[in-house]
Amino acid sequence: APAFTLSFGVGTRTVYFKVRDAALVESGVVSDTIFLVPQTVPVAAGTFPMGRLASGTNDDRTYGGTYEDPVHSVTLGAYTLGKCEVTNKEYCDVLNWAKAQGYLYSDAAGTAWAGTGDIYAGGAGFRFLIVSFSSTNCNIQHSGGVFTSKTRVGLPGTTNYSMDTHPMVMVSWYGSVAFCNWLSQWQGVATCYNMGAANWPLTVAPPTAGGYRLPTEAEWERAAAWDGTKHWIYGFLSDTNATGTANRCNDFNSFATAYDNPLGLTAYPYTSPVGWFNGVNVNPNGSVTTVNSPSPVGAYDMSGNVYEWCGDWYLDTYYTSGGPPWNNPTGPASGTRRVNRGSAWNYSFFYCRSAYRTDAPPAGTNFNLGFRLSRS
């Protein structure tokens, strides 16, 4: 049984090979094709307690807020979740496909994207910014008609690191949704959002089977925190996030006023490759040996690296006004800002708590904000 190494990213890969029998009779060329997608982990259906641990002595009580209260029981159907955040290379692959379909625009009016400037997408009257491509903090580039990842300088010395495996940043909520729909369309599965209507509504909601979408806020927290018996305070099976060690997640050591910056990058954003904290990698910046740090379901970087868009509108009081019943909740019916979870490379350790909630306008972008996929 021969083994083949396929190039990293998403999309179609074709393997060509011959076979030879014991009599040395050789076949003609044969082939097989596979469609690569971002790696996911399964999350079983069940019920879990959502919200911060507000009693006792712990980081949830010390650093949390009432917008994380109260703990409430949430029931979810089975789903799969991105094992890691969507990378620059994966995003480039989908952008290249979308560009070939004529889906990219230079503005809300629908001017075709010509290779420079920020990128918009959507149906007429409902086009929004998806990537702040003109920002120096954006880690993708366009040359010769093709999107590729940039390189950035880091340690040791002046090592040039490809940003292929770093999380995609400077991407809006709309840009994250566009990736989900386009990847679904490219693969030939049902799209989950209507990009031709106001606010690009979710049209295939969990637990209904469909294509790729953003995780709901409840799905995100369940995967980051719940192991079946315990709700962990941090997204790597721990109730503490020691500062100054840089071995469990990529965040900011507020006590030492220093960034973890595992690769010692010389310019923002100080992201790390997705899944970096696996117990094998050693940070060039400080020779710190990582500790294997998956979430309870086996997903990585659910604390730190970059904040992650969720599908829900944000509401401070949603936990007190949004239910019960809490059965596959998808958030408030309307709003002006979307949920972000997980914290980032430039935020203090306590923002990495699994129950921490924050938000951003859906057309907003940042050098510390990306996303991961979900699918029912």
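**Pockets and cavities in the predicted model**

The lining of the second largest pocket comprises, by class, six nonpolar, four polar and three charged residues, where Ala, Val, Leu, Ile, Met, Phe, Trp, Tyr, Cys and Pro count as nonpolar, Asp, Glu, Lys and Arg as charged, and the others, Gly among them, as polar. The model is predicted, with local features needing pLDDT of at least 70 and side-chain atom pairs pLDDT 80 or more, whereas totals for chains, interfaces and linings use all residues. Residues are numbered from 1 along each chain as its sequence is written, and side-chain values use heavy atoms, without hydrogens and water.

A pocket is an open set of points on a 1 Å grid over the protein atoms alone, with protein on both sides within 12 Å along at least five of seven lines, whereas in a cavity a 1.4 Å probe fits but cannot get out; lining residues have an atom within 4 Å of a point. Volumes are the space filled by probe spheres set on points joined across faces, edges and corners.

The largest pocket holds about 280 Å³ of space, and among its 19 lining residues Leu202, Gly311, Trp313, Thr330 and Arg338 lie nearest its centre. This lining divides into 11 nonpolar, five polar and three charged residues. The second largest pocket holds about 220 Å³, and of its 13 lining residues Phe8, Val37, Pro38, Gln39 and Glu90 are the closest to its centre.

Two cavities of 30 Å³ or more were counted.
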